[in-house]
Amino acid sequence: MNADTGMKIVFGRAPKSLMAGGLLAGLAALTGCAPSSPPLQADRLWVGEHIITFDDAHADATAVAIAGERIVWVGRREDWRGEARETVELGGRALLPGLIDAHGHLSFSARTANLANVASPPVGAVGDIASLQAVLRSYIEERGFAPGEWVVGVGYDDSLIEEQRHPDRDDLDAVSDAHPIALIHVSGHLATANSLALERAGISKDTPDPLGGVIRRRADGEPNGVLEETATAPVRFSVMGGGDLSAADIHAALDIYASHGITTVQDGAASVAELLRFAQVADTDGLALDVEVYLAAMEPGFRMPLGQALGEYRNRVKLAGVKMFLDGSPQGKTAYLSEPYFVPPPGLSADYRGYPTVPQEFVDAKVAGFAAAGVPMLVHCNGDAAAEMLIDALDRAAQSAPLGDHRTVMIHAQTVREDQLDRMAAQGVVPSYFSAHTFYWGDWHRDSVLGPQRAQRISPTASTLARDMPFTVHNDSPIVPPDMIRLVWATANRLTRSGQVLGEAQRLDALEALRAVTANAAYQSFEECCKGTLTPGKQADLVVLSSDPLSMPAADLLDLDVVETVSRGKTVFLALN
């Protein structure tokens, strides 16, 4: 029994039904050619020269068969002796395991779909404060907001706005003083609000900075509208509460994920209410994709919900573990670093290093409690000082009891050092890198956040591979769209927006970049039994790409298109010809 979790949980690697299904399917595949056995029956047979299985036993496969929700046969086309209702000739296209969202936020993605898009290209059209204001005015007019109604936007990026600053309360008051306006920073770790929104949220000159957050202020002490980390909570809770997550928005978000070849989606910081909402929609409508839910576990009194099985799918929804945040955002300059920022935020000293969102004692207690209870953990650590907090906490937890096969995931791990990777490898930590940063904010990291030397090592995928450590990469959607092709391209090429290579030594080939969103991503979440490779007995999650990613220059990976996405044997996305 643990004070934080309230119960002892044994995390199963896979339901017995999945393991048994895999065994039976494997036996069927082996015996399907025997004279005494009936021909293997399949719903679909894919045939082609560009099948990437990520399974060494079937590395030369040119055919994959599925029946129902399972892969029933993988091998050479000439060895197929079964019967298939449909045969698909791939031609120049490639077949891979379904892509896995190693870290993202389904509920946040669903909620933001109808908000004002105040992002910069390629996601939005904002280039300066004036264009941001114009987008908001048009949004208010088109939606017909009545005076007093909240106006919320998402995705503004001070690193890409011409003025190179956050819009403040005066900028937003100029849009409207009749509507409370709140904008969520592209990182998700900051927000900015107009005067009416600050008033509604109860934030004034007399409001102290909360633990783990900052209310940015004018010279006279009045809030200037910009809020950091935990200081954003009053505004965020006012406009994005738990009761407005509609079934339509959930399905629309899942459709977007499916269009990018994703068959398993993560909600990496959900509330219990959001978990229950997913389950309700799944029971009522069904879901097109598998959804893994990690509960935000930052409240001191957090307890795992009773009556919710851990590690098992029910109608495609799985309570997978918990999520903790130890620091903030590097592009927002709130991540907790061991060395100062290259250019500190306005008004701060040259030795500014960011800050942790919680004290070390909190981290130690949470990590020890969840590890002892067998609850998988995602832990957000962008800065290397935050990473040290997690590594130290795991070492302390191991002194009390063996950690076992815990697979704690260090989310983002943007600035982990070589010495930290050695310790993480020994501990069994799985880093999940936000390697899309190299494109979206690579120039900003080099020129303002970390400086040229440290920026070369953000998302050190090659250093991790050299240690034979499993790792994954992610988009952290909706921070950036769930575009898996761009993610793989960014991981392999590490090109910034300006076309410069950021950290050539950390580049990967396309095969390893794809492994990070298939086989490794399945391992990360204890699903290697049933996902991540094209193997008989595993779940029939597949994606068809327009060309073979292993036969093209890495620079051309962006030319790939997702042609079809198959989840549990059913086509959930099919590109129009």
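**A strand pair and its surroundings**

A: Threonine 565 stands opposite phenylalanine 573 in β23. The model is predicted: local features need pLDDT of at least 70, side-chain atom pairs count only at pLDDT 80 or more, and totals for chains, interfaces and linings use all residues. Residues are numbered from 1 along each chain as its sequence is written, and side-chain values use heavy atoms, with hydrogens and water left out.

Strand β22 covers residues 562–567 and is joined to β23 by 4 bridges. The two run antiparallel. Strands are DSSP runs of E with at least two residues, helices are runs of H or I with at least four, and both are numbered from the N terminus. Two strands pair if DSSP finds at least two bridges between them.

This pair belongs to an open sheet of 4 strands, in the order β5-β21-β22-β23, with antiparallel pairing. Its edge strands are β5 (94–97) and β23 (570–574), each pairing on one side only. On average, neighbouring strands here are turned by 20° against each other, direction ignored. Axes are lines fitted to C-alpha atoms (for helices, over the stretch in contact), and angles between N-to-C directions run from 0 to 180 degrees. In a regular strand, side chains alternate between the two faces of the sheet.

Now a second sheet. This one is open too, with 6 strands in the order β7-β8-β9-β10-β12-β11 and mixed pairing. The edges are β7 (116–117) and β11. Strand β12 (residues 223–229) has 7 of its 7 residues buried, so it is largely enclosed by the rest of the structure. Buried means under 20% relative accessible area, exposed over 50%, and partly exposed in between (1.4 Å probe, protein chains only).

Strand β10 (residues 190–193) pairs with β12 in the antiparallel sense over 3 bridges. There, leucine 190 stands opposite glutamate 228. Strand β11 (residues 213–217) is joined to β12 by 4 bridges, again antiparallel. Glycine 213 stands opposite glutamate 229. β11 and β12 form a hairpin with 5 residues between them. Glycine 221, in the turn, has a positive phi of about 90°. Further along, β9 (residues 181–185) and β10 pair antiparallel over 3 bridges. The bridge partner of alanine 182 is alanine 193 in β10.

Next, the rings. The whole structure holds 9 aromatic pairs. Rings of Phe, Tyr and Trp (its six-membered ring) pair if their centres lie within 6.5 Å; planes under 30 degrees apart count as stacked, over 60 as edge-to-face, and the rest as tilted. Phenylalanine 439 and tyrosine 440 are edge-to-face, at 5.0 Å centre to centre and 75° between the planes. Ring pairs link Phe434, Phe439, Tyr440, Trp441 and Trp489 into a cluster.

Two charges also sit over phenylalanine 439. The charged end of arginine 486 lies 4.6 Å from the ring centre, and that of arginine 497 lies 5.3 Å from it. A charge counts as over a ring if NZ of Lys or CZ of Arg is within 6 Å of the ring centre and within 35 degrees of the ring normal.
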